[in-house]
Amino acid sequence: MKTVKVSIVTPDGPVYDSEVEMVSTKAKSGELGILPGHIPLVAPLEISAVRLKKGGKTEYVAVSGGFLEVRPDQVTILAQSAELASDIDVERALRAKERAEQRMHEQRAEHTDFKRAELALQRAINRLAVSEKRL
């Protein structure tokens, strides 16, 4: 079966680099499925999971936004942060979720940045959801 090279890179360095059969992710414009030979495309990403199908198995990577660049033979994801499902510290993600929820509830009493707390909550929920999909 044909494959496409996928690289997921963050400011801290590469997170994933392999040949896969299909990439699925959520862009700002909606869900995207990319197969080898896809037309060139650049799209901003949502906080979501990237699903990588390879050899009958699916690998998951949690990404916190960023950009997707598609070329016929390569897919590059430039993300603010990205973690393989197997690398996610569930306890840390749970604590981040609790902190974000607490900041959102305190927002009414103080001048907490509600949007910032909401994004932190989305990132924590995404990491927890991806961690549950470990192989």
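A salt bridge here is a side-chain nitrogen of Lys or Arg within 4 Å of a carboxyl oxygen of Asp or Glu. With that term in hand, here are the views. This is a predicted model, in which local features need pLDDT of at least 70 and side-chain atom pairs count only at pLDDT 80 or more, while totals for chains, interfaces and linings use all residues. Residues are numbered from 1 along each chain as its sequence is written, and side-chain values use heavy atoms, with hydrogens and water left out.

View 1. The chain holds 8 strands and 2 helices (DSSP runs numbered from the N terminus: strands are E, at least two residues; helices are H or I, at least four residues). The C-alpha trace spans about 55 × 30 × 25 Å along its principal axes.

**View 2. Two domains in one chain.** Domain 1 covers 4-84 and domain 2 covers 90-132, with bounds that come from an automatic or database domain assignment. Their centres, taken over C-alpha atoms, lie 24 Å apart. UniProt, in an unreviewed entry, lists residues 5-82 as "domain: ATP synthase F1 complex delta/epsilon subunit N-terminal"; such annotations may be inferred rather than shown by experiment, and positions are given in the numbering used here. Residues 5-82 are 77% strand and 0% helix, and their end C-alpha atoms are 17 Å apart.

**View 3. Where the domains meet.** Here 9 residues of domain 1 are in contact with 7 residues of domain 2 (contact means heavy atoms within 4.5 Å). Between them the domains bury about 600 Å², 64% of it on carbon and sulfur atoms; buried area is the accessible area (1.4 Å probe) that two parts lose on being put together, summed over both. Ile 47, Ala 62 and Glu 83 supply 66% of the area that domain 1 buries against domain 2, more than any other three residues. What is the count of salt bridges between domain 1 and domain 2? The count is 0.

View 4. The whole structure has 3 salt bridges. One of them pairs Asp 17 with Lys 5, whose closest N and O atoms are 2.5 Å apart. This pair links distant parts of the chain, 12 residues apart: Asp 17 sits in strand β2 (residues 13-20) and Lys 5 in strand β1 (residues 4-10).
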